[in-house]
Number of protein chains: 2
Amino acid sequence: MATMNDVAKLAGVSRGTVSNYINGVTVKTESQKKIRAAIAELKYIPNTAARQLKTSRSNLVVFIIPTTRTPLFSELTYKVQQDLQAHGFKMILCNSNNDIQEELEYIQMAKMQKAAGIITMSYSDLLAHVSSDLPVVSIEKQIADTISCISADNYQGGRIAAAQLHRSGAKKLLLVSRLTEKTKSNYGIRVRGFEDYCHEHQLDYYLFSAPVHEEEFYKQLDAFLHDRYAYGVDYDGIFTVADQYADFTENVLRALGVTAPKQVQIIGFDGGKMYPNQPRHISSIRQPVDKIAMKCVENLEKILSGEKVDVAPLTLLPVKFVQGQTTN
Amino acid sequence: MATMNDVAKLAGVSRGTVSNYINGVTVKTESQKKIRAAIAELKYIPNTAARQLKTSRSNLVVFIIPTTRTPLFSELTYKVQQDLQAHGFKMILCNSNNDIQEELEYIQMAKMQKAAGIITMSYSDLLAHVSSDLPVVSIEKQIADTISCISADNYQGGRIAAAQLHRSGAKKLLLVSRLTEKTKSNYGIRVRGFEDYCHEHQLDYYLFSAPVHEEEFYKQLDAFLHDRYAYGVDYDGIFTVADQYADFTENVLRALGVTAPKQVQIIGFDGGKMYPNQPRHISSIRQPVDKIAMKCVENLEKILSGEKVDVAPLTLLPVKFVQGQTTN
């Protein structure tokens, strides 16, 4: 049976490089290729379990996300997995359904698996449950000053949406949000950005917000839109804090005979697409998914290699307006 | 530090049951709850790596899918992960981008990790690369008679779509497919079901198909639709072998002033939704995602427990028509 030395010899690299490769430590792309080829040729199978006992850490990264079932989250899951793969890590996928009990079970599991780290998109307060020897990178929610958090610049996003509606000539603005305990950390900041821009530019707007469960929210939003647009166009510029609400709004208004972008301009937030190869439907404030994923993996690697000093507690990544079919 | 015996005592179950639970063997739901509570209370952390050396198999299941970035695939990923979790397994997520090299790397990795098994949605010929001691369950593509395959009933789906258009009064049918080396195993069967129904009922239809890359396909489909609908409604009933093509078709026709369902009825295939809580846009033939996920995990468990005799080489699960906004 082939040994690690055999692989190193055939690949023309040092045994240490092969070991790094197998342990998920970054290795030059050129060496990666050679090692991969040698492993394939020799059918070398390292004993991962034995290795884990020795290094006391696997190359598994636990990824916690509320659900993969939205365009944004499925894209983010895809990108994070591909970046982890490129860095020699494997992703254990964990859908938490936004339930703190499930999140805690996944964190417990990460400890049991001696995971290399956790990347989490969680809106619960997890601080008490993550131990200092388990690297954690958080997406969007700041868990603590000591834990690295990567987020889109939600505040600027809200401002950009207001500015775009302003520029496009909308006169009467509607801001649609759903502020609950779990969403206020991101939706709330988007709302604030939008409102600040409106105040600075003396723009009139109305805030529709209901702190309720999503299904109930859709019911209330539906009733509100029916009420306001029953006799024609009311608000002619709408920003919703997430694409799904923009999508829903566009649908309801279309059924009422009010069409975007002719009679009303609609902008959402996230900018995920249903199918990557298809045209964008809802105009949106695009989250920099590629960069968020890249930065998460980069920070995780930095923490693992002991470069804690370089990891900022909060990294805000720029967002931008993307044109769909709901604005001029 | 708490031991497995402590957990068994507190949970009021045998040590063997706790061991089964931790090793991913099915345990009664009632016992699962008690054990989980005891583990939480005692902060018991089993040494997973040591356990893996002993049992020579982890509770990790490798899930290979082309990409999580479509409504169907992100839903399937979600359901399989939740079912695996409920059965004590963890999912290692692998996006393959439909690339056989990546698929092979993931299979190699599954061997290295001593994975409990693989659930794969792959359109490559993987037979030579899976070893008999690594349980494999395939979704949709039959890899071999010896490997369990779970699929939606694509043939009946094609028939149901034709029958639905027929019943709704469409007179001139259009069938849209994209038959490539990788898609013929599923799209091809849907096409055949549709055609068989049409022949049996003497219905006229036209098959638009282009064996090209997806981006090129959209270009050709766009040109075709512009050509046929330039002077008004041509085909008044359309079935596309996947929802994304139906979505695209509806968009192009709407821009041409042809609206569904008034002037044309459109049915897709898959029935995934962009957001779970929102109304369905495209009428579709719905894949039984819940049942596919459940059956995959069930068959994997059967294989692991040695019940090979019960695992059928091919399980076809029924599909059904679901009403969206593109049919009457």
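Start with Glu75(A), which pairs up with Arg286(A) in a salt bridge whose closest N and O atoms sit 2.7 Å apart. Glu75(A) belongs to helix H5 (residues 71-86) of chain A and Arg286(A) to strand S10 (residues 283-286) of chain A, so this contact ties together parts that are 211 residues apart in sequence. Keep in mind that this is a predicted model. Across all chains, a search of the whole structure turns up 21 salt bridges, and here is a look at some of them.

**Inside chain A**
- Back to that opening pair: Glu75(A) is buried, and Arg286(A) is too.
- Arg228(A) and Asp227(A) also meet through their side chains, with a salt bridge of 3.6 Å from N to O.
- Arg228(A) has a relative accessible area of 27%, so it counts as partly exposed.
- Asp227(A) comes in at 53%, over the 50% cut-off, so this residue is exposed.

- Arg36(A) reaches Glu105(B) in a salt bridge, and the closest N and O atoms are 3.6 Å apart.
- This one joins two chains, because Arg36(A) lies in helix H3 (residues 29-42) of chain A while Glu105(B) lies in helix H6 (residues 100-112) of chain B.
- Arg36(A) is partly exposed, at 29% relative accessibility.
- Glu105(B) is partly exposed as well, at 31% relative accessibility.

**A linked set**

Terms used: Residues numbered from 1 in each chain as written. Chains lettered and ligands numbered in written order. Predicted model: local features only at pLDDT ≥ 70, side-chain atom pairs only at ≥ 80, totals over all residues. Heavy atoms only, no water. Salt bridge = Lys/Arg side-chain N within 4 Å of Asp/Glu carboxyl O. Helix = DSSP H or I, 4+ residues; strand = E, 2+ residues; numbered from the N terminus. Buried < 20%, exposed > 50% of the residue type's maximum accessible area, 1.4 Å probe, protein only.
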